[in-house]
Amino acid sequence: MAEKPLSVALIGAGMGGLAAAAMLLRKGQDVTVYEQAPAFTRLGAGIQQGPNTVKALRGIGLEQRLRDVSFRPEMTRYRDAADGTIRWERLQGDTYEEKYGAPQLLLHRAELHSALASKVPETYIKLGKTLTGFAQGDDGVRMDFADGTSAEADVMIAADGVHSVVRDAVAGPGEQRYTGRVAYRTTFPASLMNGREIEASTKWMADDRHIVIYYLNEARDEIYFVTSTPEPDYSIESWSTTGDMDELRRTYAGFHEEVRAVLDACPSAHKWALVSREPLPTWHKGRVALLGDACHPMTPYMAQGAGMAIEDAAILARCLEGAGQGDITPALAKYEAIRKPRASWIQAASGTNDIDQFRREQDKVFSYDAWTAPLDIPG
Ligand SMILES: Cc1cc2nc3c(=O)[nH]c(=O)nc-3n(C[C@H](O)[C@H](O)[C@H](O)COP(=O)(O)OP(=O)(O)OC[C@H]3O[C@@H](n4cnc5c(N)ncnc54)[C@H](O)[C@@H]3O)c2cc1C
């Protein structure tokens, strides 16, 4: 057991960075989170958290808070886009709780983000800090920020998302892949549906596009949808970019009447290019490691991107527990060895958007508990 906690710098206060900070604090380390945004804002999107993620979040005392602000569907239906034929009824609700030991929760992304932030004291989060460069030596890591300041830490974890500025220095140069698809996504008040109720949670699927629609809370007063829509020449990922609703409605004109009713009622939606990447050769170098989308960006078709970042955080915290200066690189190597096979598998499986594969393999996704999973390095 080390005499002194390690100082761990987290780059990025997204889902992965905040989860890692909260989990490392719980394991006795010192943390500082550096986030480029000047403030946290409530961006319009929903997020699903599977039982595997809820178990990881339980470990930092967030389960009840999230249950209180989430929708816990009895099932998600996978339907044919045009005629509504049911392809799969994925039983959730009590079935998931009994089988996997935790629920599937659907909620506003901002609720998850603020729940994670509530577990990291404000003084540990430095906003308006854009990492521009870093250098590591025998004694630690030095970080430089766009505002001209710098900082030092024993360990640096880059949780800076899909456009990570640290990734190439750790894993070598490589390109992320634009999938040729965009996600329109938004949340809007259910009151705009003029009293019409929708199915609780449904994925409407055509051969080349789909739309997922669900309620965001038990009051069923807020609706979320997210699409996967072909658009070969679009590559912008920005919360300030909105899509053309008329174009969206035309693109889904052949879909079931319920989908059309939702799109007719919705006033606006963000438009977001979907990107992916092949698994990286490595996730760590010396005292620096990658976490979350920085190392395994994935298409959202299994709703596991943030889930994988949060699982990464729990395994990282366990690997660094009690570590001293001499243990850092082996601990980061262990973290990568444990996490990479699972994250790469889910990255690949999500990319197929194959519901038969998901049906066959969901036990492997949801049974996992990052707090009890063996820390032995897979052979
Ligand atoms: C359409 C869509 C739907 C999705 N639905 C789901 C879902 O239902 N369930 C699910 O689990 N996942 C879902 N995801 C995936 C999920 O959003 C991501 O996997 C998750 O946000 C990754 O977390 P992260 O912390 O790695 O990155 P992010 O959440 O992107 O956070 C990165 C942070 O780093 C900051 N940053 C970036 N660069 C710097 C820098 N140089 N210096 C300092 N800070 C920096 C950013 O401002 C940001 O705050 C979805 C994704 C998309 C696109």
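1. Start with Phe-358 and Phe-366: both are buried (under 20% relative accessible area; exposed is over 50% and partly exposed in between, with a 1.4 Å probe and protein chains only). Keep in mind that this is a predicted model, where local features need pLDDT of at least 70, side-chain atom pairs count only at pLDDT 80 or more, and totals for chains, interfaces and linings use all residues. Residues are numbered from 1 along each chain as its sequence is written, and side-chain values use heavy atoms, with hydrogens and water left out.

2. Now the rings. The structure holds eleven aromatic pairs. One of them is Phe-358 with Phe-366, a tilted pair at 6.0 Å centre to centre and 50 degrees between the planes. Rings of Phe, Tyr and Trp (its six-membered ring) pair if their centres lie within 6.5 Å; planes under 30 degrees apart are stacked, over 60 edge-to-face, and the rest tilted. Ring pairs also join these two Phe residues with Tyr-78, Trp-88, Tyr-96 and Tyr-100 in a cluster.

3. Have a look at two arginines too. Arg-185 lies over the face of Trp-272, 4.7 Å from the ring centre, and the charged end of Arg-342 sits over the ring of Tyr-368, 4.0 Å from its centre. "Over" asks for NZ of Lys or CZ of Arg within 6 Å of the ring centre and within 35 degrees of the ring normal.

4. Which residues lie nearest the centre of the second largest pocket? They are Arg-177, Ser-276, Gln-347, Ala-348 and Gly-351, out of 13 lining residues. A pocket here is an open set of points on a 1 Å grid over the protein atoms alone, where a 1.4 Å probe fits, with protein on both sides within 12 Å along at least five of seven lines; lining residues have an atom within 4 Å of a point. Helix H10 (328-352) and strand E12 (177-189) each supply at least two lining residues, and H10 gives the largest share, five. Helices (H or I, at least four residues) and strands (E, at least two) are DSSP runs, numbered from the N terminus.

5. Two asparagines deserve a click. Asn-194 has a positive phi, near 55 degrees; this residue is in the loop between E12 and strand E13 (201-205) and is exposed at 71% relative accessibility. Asn-353 also has phi near 55 degrees, but is in the loop between H10 and helix H11 (355-366) and partly exposed at 24%. Most residues other than glycine have a negative phi.
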